[in-house]
Amino acid sequence: MDQFQLLRSTAVPLPLKNIDTDQIIPARFLKATTREGFGANLFADWRYAASGQPKPDFVLNDPRYGGQILLAGQNFGCGSSREHAAWALYDAGFKVIISSYFADIFRGNALNTGLLPLQVSEAVLQRLLAQVTREPATQFLVDLPAQTLSVPVWEASIAFDLDPYKKECLLNGYDDIDYLLSQQAAITTYEQQRAWTF
């Protein structure tokens, strides 16, 4: 995974509630065994017509919007527990998803993929969506070490919660195995000092 420290980006607004994992990446695309390549089919049924042509009214096809942040409605990532949903978002270039609530399994899959699920209140989410819809060029700053989301045009910062272990993994670009390997010296020292009985 890539290390995550600071992200300055515009955002893509998708103000729909209860976006489930089958809408994020439809089941017919779940044939690959590696994480790469899923981004092309992100939101495929909303993004493309049956002919394969992009639907001009879908936000990912709207040239006004772009960036590495997705602003999504409440209960994002509900439905089946497919980790491919997080893979598709990450492969499509998103680094942060902002919502007022995430399904628990999706949250875990996102963090394991290197994607930050940043939860804000419903009131803040609606204000962010309104801001981006009105001014698509609005910049956001996500400061992971400080755990803040800043909106410079508002001259305001919003604190967010994050599990300390997952924060360390994101900061260092670790998955769970990488983290264990980073603790190898401490593990070796512990094993050497332990009293063994046979």
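**Aromatic pairs in a predicted chain**

Among contacts in the chain (heavy atoms within 4.5 Å) between residues at least 6 apart in sequence, 65% join residues at least 24 apart. This is a predicted model, in which local features need pLDDT of at least 70 and side-chain atom pairs count only at pLDDT 80 or more, while totals for chains, interfaces and linings use all residues. Residues are numbered from 1 along each chain as its sequence is written, and side-chain values use heavy atoms, with hydrogens and water left out.

The chain holds eight helices and eight strands, taken as DSSP runs (helices H or I, at least four residues; strands E, at least two) and numbered from the N terminus. Of its 198 residues, 43% count as buried, that is, under 20% relative accessible area with a 1.4 Å probe, protein chains only.

A search of the whole structure finds seven aromatic pairs. Rings of Phe, Tyr and Trp (its six-membered ring) pair if their centres lie within 6.5 Å; planes under 30 degrees apart count as stacked, over 60 as edge-to-face and the rest as tilted. The rings of Phe-76 and Phe-102 are edge-to-face, because their planes stand at 85 degrees, with the centres 6.4 Å apart. Phe-76 lies in the loop between strand 3 (69-72) and helix 3 (84-91), and Phe-102 in the loop between strand 4 (96-99) and helix 4 (104-113), so this pair ties together parts that are 26 residues apart in sequence. Both Phe-76 and Phe-102 are buried.

Phe-102 also pairs with Phe-106: the ring centres lie 6.3 Å apart and the planes are at 15 degrees, so this pair is stacked. Phe-106 is buried, at 2% relative accessibility.

Conventions
Buried < 20%, exposed > 50% of the residue type's maximum accessible area, 1.4 Å probe, protein only.
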